[in-house]
Amino acid sequence: MATTFFAYLTAPFSIRPVDESEYETPSASSHLRPLPLFSPLLIPNNSSDARDHCANERTFLSWLRLSIYMSVVSVAIVVSFHLKNQPTAIERQIAMPVGLTFWALSLACLASGAANYVQTVRKYARRRALVQSGWKTQVVSPS
């Protein structure tokens with residue numbers, strides 16, 4: 001009894017690979033079963049699954065790169081980086097609000113990229129992911 005309770009508590013931190021078939025069928029006990037946090041999710045490679053996962057990872061890395069660029073720009077703005085001359089008083093006065101705005105946008109890009117990645121991986125696990133679908137794509141593409 002104590003061993004199974006301890007195993008239940010440490011299940012989110014187990015490193016064993018998890019087969020996606022364990023999470024396909026919803027049952028009464030599946031709501032109480034903790035999901036593994038740090039375990040790889042094993043999904044059979046049907047059709048273009050490997051390519052889709054790699055594309056999803058590249059998309060997340062692009063969001064991460066954009067976030068890093070924006071945070072570097074925000075730090076450069078806040079420290080009033082100039083090559084040849086000193087910043088003026090007005091530049092110093094607006095540097096903090098503009099820098100904080102870029103920092104907030106950087107965090108928003110990181111959160112959006114991470115949320116999109118996790119949502120897509122969950123859809124892949126349930127075989128529900130469609131390429132180029134959702135409200136974000138519909139906003140960008142006017143057709």
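User: Which helices each supply at least two residues of the nonpolar patch?

Analyst: This is a predicted model, where local features need pLDDT of at least 70, side-chain atom pairs count only at pLDDT 80 or more, and totals for chains, interfaces and linings use all residues. Residues are numbered from 1 along each chain as its sequence is written, and side-chain values use heavy atoms, with hydrogens and water left out. Helices are DSSP runs (H or I, at least four residues), numbered from the N terminus. The helices that each supply at least two patch residues are α2 and α3.

User: Which helix gives the most to the nonpolar patch?

Analyst: The patch covers about 840 Å², and its residues include Val75, Trp103 and Leu110. Leu110 sits in helix α3. With five residues, the top contributor is α3.

User: What do the buried residues of α2 pack against?

Analyst: Buried means under 20% relative accessible area, exposed over 50%, partly exposed in between (1.4 Å probe, protein chains only). Among the buried residues of α2 are Asp49, Asn56 and Met70. Their packing partner is α3 (89–125).

User: Is the pair of Phe60 and Tyr117 stacked, edge-to-face or tilted?

Analyst: Rings of Phe, Tyr and Trp (its six-membered ring) pair if their centres lie within 6.5 Å; planes under 30 degrees apart are stacked, over 60 edge-to-face, the rest tilted. By this rule there is one aromatic pair. The ring centres of Phe60 and Tyr117 are 5.5 Å apart with planes at 45 degrees, so the pair is tilted.

User: How many residues apart are Phe60 and Tyr117?

Analyst: Phe60 is partly exposed at 23% relative accessible area. Tyr117 is partly exposed too, at 29%. Phe60 lies in helix α2 and Tyr117 in helix α3, and their separation is 57 residues.

Technical notes. Contact = heavy atoms within 4.5 Å. Patch = residues over 30% accessible without salt bridge, like charges linked within 9 Å, V, L, I, M, F, W, Y side chains within 5 Å. Areas by Shrake-Rupley, 256 points an atom, 1.4 Å probe, with all protein chains shown as cover. Salt bridge = Lys/Arg side-chain N within 4 Å of Asp/Glu carboxyl O.
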